[in-house]
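Please open the model in a viewer and keep the selection tool at hand. The tour below moves from one selection to the next and states what is found at each stop.

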Amino acid sequence: MGPTEPASLPVVAQLAEASRLGDRSATARLLSLVERGGDLADEVASATHSHTGEAHVVGITGAPGSGKSTITNSLTTLLAEAGKRPAVLAVDPSSPLTGGAILGDRVRMNDASGVGVFIRSMATRGHAGGLALAVPGAIRVLDAAGFNPVVIETVGVGQVEVDITDAADTTIVVVAPGWGDAVQANKAGLLEVADLFVVNKADRPGATDVSRDLELMLDLSTVPGRVGTERPSITMTTATEGEGIGELATAVAGHLELLSQGVELDRRRETRRIAEVRAHLDYLLGGAAEEVLATERLEPVQAFESPMMVARRLARRLAGQLLG
Ligand SMILES: Nc1nc2c(ncn2[C@@H]2O[C@H](COP(=O)(O)OP(=O)(O)OP(=O)(O)O)[C@@H](O)[C@H]2O)c(=O)[nH]1
Ligand SMILES: [Mg+2]
């Protein structure tokens, strides 16, 4: 923010402006507001929204311990050294709000932070609108701040991991020998969401088996690649040594190019936009319903009015309030 700006300018707009100009602490503060949710998060969305669309959003998912953070560290370090401005958003849906970095990841992302990669952990348990609102909001902040690519690492396992792939242009699924191998990835529904596969820990026995299993499953799969019939490529990496990371960077850039050639990039982003609108609508309606329930004095149980009828009556009142 500059000294010439009027003092009345809302603080969120000032932060957004500073963030766009490269002030990282302003970016961090915007992310904290997004993480907390509520009215200020909405203001952040308004202040950043018109400056987005440049960043390639890359999701990295896979079983716990497969090497997602190590890969993210190596990949973003390489990209930063090549002159790009990557940011990392590590999303942990199972932890309560932290407002800061998760210690283990901070250690594993040492190289990246050393070369100026912007790294932020975000816990979404306790977020008013949950993951569905917090993650797109955070991506928007980073995109508007000029970071590109924005890499989202998901911590934890389960449905959430698959959900989060909806937020990305390109989804990388990491598998490693042992627990979290190809069969596990298939069971977790990760085969369908992968644009690119990484078989990490290539230095470990069994890595080529994992790769072969993946190829087999892709052969047998009736699910085509997410872009037309494009089959996800498999990159072998030893992330701890940086091996294969250059190939991965090439694959990631190649996937963006593929998306950009046709309508697929726009289509994915439009799908994302609709999903976010839906999440907001759910949140608004859910909140309004709670309010109606809290403020309307519900009559004692009436034999002639079923719970459904009460709900309909309240919904009519709610609609009147929302529209009136
Ligand atoms: N041998 C070997 N170990 C690796 C490799 N990549 C990562 N590791 C190790 O595997 C462990 C887990 O790596 P992380 O990068 O934290 O894995 P993650 O998928 O981010 O784990 P969570 O975030 O906890 O789900 C660490 O001890 C890494 O040093 C690799 O290529 N080879
Ligand atoms: Mg991790």
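The stops begin with the whole chain and end with single residues.

**Before selecting**

The model is a predicted one, in which local features need pLDDT of at least 70 and side-chain atom pairs count only at pLDDT 80 or more, while totals for chains, interfaces and linings use all residues. Residues are numbered from 1 along each chain as its sequence is written, and chains are lettered from A and ligands numbered from 1 in the order in which they are written.

**The whole protein chain**

Display the protein chain as a cartoon: its secondary structure comes to 14 helices and seven strands. Helices (H or I, at least four residues) and strands (E, at least two) are DSSP runs, numbered from the N terminus. Of the 324 residues in the protein chain, 39% count as buried. A residue is buried if 20 or more other C-beta atoms lie within 10 Å of its own, exposed if 12 or fewer, and partly exposed in between, with the C-beta atoms placed from the backbone. Two residues are in contact if their C-beta atoms, placed from the backbone, lie within 7 Å. Among the contacts in the protein chain between residues at least 6 apart in sequence, 77% join residues at least 24 apart.

**Ligand 1**

Select ligand 1 next, together with the 16 residues that surround it. A residue is near a molecule or strand if its C-beta atom, placed from the backbone, lies within 6 Å of it. Which residues are the closest to ligand 1? They are Pro64, Gly67, Lys68, Ser69 and Thr70. Helix α4 (residues 68-81) gives the most to this shell, with three residues. Colouring the shell by class shows three nonpolar, eight polar and five charged residues. Ala, Val, Leu, Ile, Met, Phe, Trp, Tyr, Cys and Pro count as nonpolar, Asp, Glu, Lys and Arg as charged, and the others, Gly among them, as polar.

**Helices α1 and α3**

Select helix α1 (residues 11-20) and helix α3 (residues 39-48), whose axes come within 9 Å and cross at roughly 45°. Axes are lines fitted to C-alpha atoms, for helices over the stretch in contact, and angles run from 0 to 180 degrees between N-to-C directions. α1 and α3 are therefore oblique to each other; angles under 35 degrees count as roughly parallel, over 145 as roughly antiparallel, 65 to 115 as roughly perpendicular and the rest as oblique. The contact is made by Val12, Ala13 and Ala16 of α1 and by Leu40, Glu43, Val44, Ala47 and Thr48 of α3. These residues divide into six nonpolar, one polar and one charged.

**Helices α2 and α3**

On the α2 side the contact is made by Leu30, Leu33, Val34 and Arg36, and on the α3 side by Leu40, Ala41 and Val44. By class, this contact has six nonpolar, no polar and one charged residues.

**Helices α1 and α2**

Now show α1 with α2, which pack at an angle of about 135° with their axes 7 Å apart. α1 is thus oblique to α2. Leu15, Ala16, Ala18 and Ser19 in α1 meet Ala26, Thr27, Arg29 and Leu30 in α2. The residues of this contact divide into five nonpolar, two polar and one charged.

**Ala26**

Centre the view on Ala26, in helix α2 (residues 24-36). Is Ala26 buried or exposed? Ala26 is buried, because 20 other C-beta atoms lie within 10 Å. Leaving aside its neighbours within four places in sequence, Ala26 is in contact with Leu15, Ala18 and Ser19. Ala26 and Ala145 are 119 residues apart in sequence and 9.5 Å apart in space, C-alpha to C-alpha.

**Two loops**

Go to the loop between α7 (131-144) and β4 (150-154), the place of Pro149. The peptide bond from Asn148 to Pro149 is cis, with omega near 0°. Then select Lys201, in the loop between β6 (196-199) and α11 (207-220). Lys201 has a positive phi of about 60° although it is not a glycine. Lys201 counts as buried, with 24 C-beta neighbours inside 10 Å.

**Arg267**

Finish at Arg267 in helix α13 (residues 264-295). Arg267 counts as exposed, with 12 C-beta neighbours inside 10 Å. Computed along the sequence, Arg267 and Asp169 are 98 residues apart, and in space they are 9.9 Å apart, C-alpha to C-alpha.
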